[in-house]
Amino acid sequence: VTEAVGKVGSAVVKIDTTRKVKLDVEGLEHLFKFFLGPDIRFKGPEGDQHENIKGFGSGVIINQSGIIVTNAHVVAKADKVVCTLTDGRQLTAKVLGADEIIDLAVLKVDCKTHDLPCAELGDSSQLLVGAWAIAIGNPLGLSSTVTLGIISSLARSAMEVGIPDKRVDYIQTDAAINPGNSGGPLVDEYGKVIGINTAIRVGATGIGFAIPINLCRQAIQTLQKGRCLQHPSI
């Protein structure tokens with residue numbers, strides 16, 4: 001396990017996002033008058049009536065050109081995305097493409113030194129139930145956290161998982177996945193990325209889900225070109 005983590009750990013990044021939203025001053029005024037009476041004089045905030053909503057998650061660098069894979073919900077509507085490497089470097093990222101249906105996003109960072117650590121992608125079609133699974137990420141903002149488990153099941157449908165608006169047959173694992181792990185890699189015993197951690201079963205312990213890396217590999221080629229994925233339906 002330590003050898004596997006050593007191969008991929010430095011390629012896992014912490015993602016911090018910022019989204020600027022406009023304050024609903026009119027709504028605040030109505031709320032004050034509802035509770036305190038119509039004659040109350042309300043003075044809203046002065047100056048810029050916006051606030052910054054911050055979020056965080058994980059991602060993994062997959063090549064030297066600075067391509068990073070994460071979940072679409074991690075960077076959704078973000079005005080600014082900053083990736084922090086394990087060596088402390090902070091790089092601003094651009095969202096090249098994202099798809100909500102499979103919950104995958106592709107980012108790009110520019111690194112002038114061209115010395116980015118990269119993770120090797122595995123083959124999720126070769127996975128077996130009971131094999132080791134290692135989740136790496138930044139749960140609750142705790143950088144470079146590693147948890148160990150096994151592959152609990154394969155090809156769990158989105159309907160079974162409880163997110164029917166997605167179109168993914170997930171890898172199920174009991175490796176601990178918590179808020180902030182989203183977008184981080186699920187790794188096999190050889191240090192190869194086999195999935196992208198994306199969801200947990202609310203109210204349950206030891207039930208997490210990852211997008212198979214073979215599905216991600218196909219989507220990355222399209223999303224990094226700024227194109228949309230096709231999701232045909234009947």
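Predicted model: local features only at pLDDT ≥ 70, side-chain atom pairs only at ≥ 80, totals over all residues.

Visitor: How many disulfides does the count come to?
Guide: A disulfide requires a pair of cysteine sulfur atoms within 2.5 Å. By this rule, the number of disulfides in the model is 0.

Visitor: Is Cys-83 buried or exposed, and what about Cys-118?
Guide: Buried means under 20% relative accessible area and exposed means over 50%, with partly exposed in between. Cys-118 has 28% relative accessibility, so that residue counts as partly exposed. Cys-83 has a relative accessibility of 1%, and therefore Cys-83 counts as buried.

Visitor: Which residues touch the most other members of the largest nonpolar core?
Guide: In soluble globular proteins, nonpolar side chains tend to be buried together. Here the largest nonpolar core has 46 residues, and apart from it lies another core, of 10 residues, which includes Leu-127 and Ile-151. Leaving aside neighbours within four places in sequence, Cys-83 has contacts that include Ile-15 and Leu-107. In the largest core, the members that touch the most others are Ile-15, Cys-83, Leu-104, Leu-107 and Ile-196.

Visitor: Where does Asp-16 lie, and which side chain does a polar contact of 2.7 Å join to that of Asp-16?
Guide: Asp-16 belongs to strand β1, which covers residues 12-22. Its relative accessible area is 26%, between the 20% and 50% limits, so Asp-16 is partly exposed. Once neighbours within four places in sequence are set aside, the residues in contact with Asp-16 are Gly-55, Phe-56, Lys-80, Val-81, Val-82 and Thr-84. The polar contact of 2.7 Å joins the side chain of Asp-16 to that of Lys-14.

Visitor: How far apart in space are Asp-16 and Gln-90, C-alpha to C-alpha?
Guide: In sequence, Asp-16 and Gln-90 are 74 residues apart. In space, the C-alpha to C-alpha distance between these two residues is 10.0 Å.

Conventions:
Residues numbered from 1 in each chain as written. Heavy atoms only, no water. Helix = DSSP H or I, 4+ residues; strand = E, 2+ residues; numbered from the N terminus. Buried < 20%, exposed > 50% of the residue type's maximum accessible area, 1.4 Å probe, protein only. Contact = heavy atoms within 4.5 Å. Polar contact = N/O pair within 3.5 Å; in protein donor to acceptor, adjacent residues only side chain to side chain. Core = buried A, V, L, I, M, F, W, Y, C linked by side-chain atoms within 4.5 Å.
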